[in-house]
Amino acid sequence: MSPRARLLLFLVSAAVIGVYFTLSCRELPSFGGASHPYGERAVAAALAHRTANVVSSVNFDLRAFDTLGEESILFCTVLGATLLLRLARDERQHAAASEAVLPTTRLLGAVLLPVTVVVGVYIVAHGQLSPGGGFQGGVVLATALHLGYVAADYRVLERLRPLVVLDIADSLAAASFTAMGVAGLAAGGAFLKNVLPLGTFNKITSGGMVPLFNAAVGVEVASGVIVLLAHFLDQAVEVTGTGTQEEEA
Amino acid sequence: MGVWPYLAAGWILLVALYGLVTSRNLIHAIGCLAVAQSSTYVLLLAVGYRDHSTAPVFSDLRPGSRPVVDPIVQALALTDIVVGATVTALLLALTIQLRKRHGTVDPESLTALRG
């Protein structure tokens, strides 16, 4: 199809989508309205299970099964990227060169790296109390490690991330989510049911299984993101092809 | 504000689709897909918004003292973000391989199967 015909086709379809979308928006409940029946039930359910952060309660208690699927998507992506970006027969891996870094950058990285790790762990651990949780904290943890790359060089980052350990941690965390679901099945009669003591509201032990699910997801997201980024960074830094498409390398 | 937040979401989606249709670079197309996905965040959060309310976190808020925004759509937006990030990662990995094997990232010049 020529670009012109494609653009024309798009404009016609966009007009149709636009008209129908606008018409359906007029039927939606008005923006900012007070009626949120699902939201109110979710808040009541979260308070009944003594989880202060309702979003965490929705993700790891009410919709835990969906989160299991979401976690599996993440796991499969790491697997898929590992497969797609593996070393081909005509490619070679060589050690990255050491680079000079400004002393101030190095100092800032050295100071911020431990702070960021602590913040990441805090966000994962307090997922049931304050905004945050396994997904957000996991990303912060993964980011923390890459401060090593920014502040020093790729060789330091490689020492900071034992990829084999992280691969195993990723799989174990994904498996532990299911294992906890099966534990719920054994103890309470339903998959992923909240069976642990609920604890005191607004304490770090509150929410029953929510903190455990948060921790599992935190480990999985952190290790998954690090492994994922490792494969992309390897492509840019360490892998060179011997094939024909190497003109700009 | 009426229906404007919902319409903004639709507008973002259409702009992103325009970018996808006219894209001559796969990296650009993946960026457009990410923009299309962000329209769903806008829509979800617009559905969940409630006037004069605060975040659905009760660590420093007495339950029942203030209305809170809809936590369900916030959780859905979180799922959305994770799925979006993973899809982007996989597509970028595919693009890297395409570039290596075919020497181009222009979808127009990808005409034949190879390898």
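A contact here means heavy atoms within 4.5 Å. With that, residues 24 or more positions apart account for 73% of the contacts in chain A with a separation of 6 or more.

Some housekeeping. This is a predicted model, where local features need pLDDT of at least 70 and side-chain atom pairs count only at pLDDT 80 or more, while totals for chains, interfaces and linings use all residues. Residues are numbered from 1 along each chain as its sequence is written, chains are lettered from A and ligands numbered from 1 in the order in which they are written, and side-chain values use heavy atoms, with hydrogens and water left out.

On to the fold. Helices (H or I, at least four residues) and strands (E, at least two) are DSSP runs, numbered from the N terminus. Chain A has nine helices and two strands, and from the N terminus on the order is α-α-α-α-β-α-α-α-α-α-β. Its radius of gyration is 23 Å, well over the 18 Å that the globule rule gives for 249 residues, so chain A is more spread out than a compact globule. That radius is taken over C-alpha atoms, and the rule is 2.2 Å times the number of residues to the power 0.38. Along the principal axes, the C-alpha trace of chain A spans about 60 × 55 × 40 Å.

Of the 249 residues in chain A, 41% are buried. Buried means under 20% relative accessible area, exposed over 50%, and partly exposed in between, using a 1.4 Å probe and protein chains only.

Now the rings. Rings of Phe, Tyr and Trp (its six-membered ring) pair if their centres lie within 6.5 Å; planes under 30 degrees apart count as stacked, over 60 as edge-to-face and the rest as tilted. How many aromatic pairs does a search of the whole structure find? Six, over all chains.

One of them is Phe10(A) with Tyr18(B), a tilted pair at 5.9 Å centre to centre and 50° between the planes. Phe10(A) sits in helix 1 (residues 3–27) of chain A and Tyr18(B) in helix 1 (residues 4–22) of chain B, so this pair joins two chains. Phe10(A) is buried at 10% relative accessibility, while Tyr18(B) is partly exposed at 40%.

Then there is Phe65(A) with Phe191(A): the centres are 5.9 Å apart and the planes at 80°, so the pair is edge-to-face. Phe65(A) lies in helix 4 (residues 64–84) and Phe191(A) in the loop between helix 8 (163–188) and helix 9 (210–237) of chain A, so the pair ties together parts 126 residues apart in sequence. Phe65(A) is exposed at 58%, and Phe191(A) is partly exposed at 30%.
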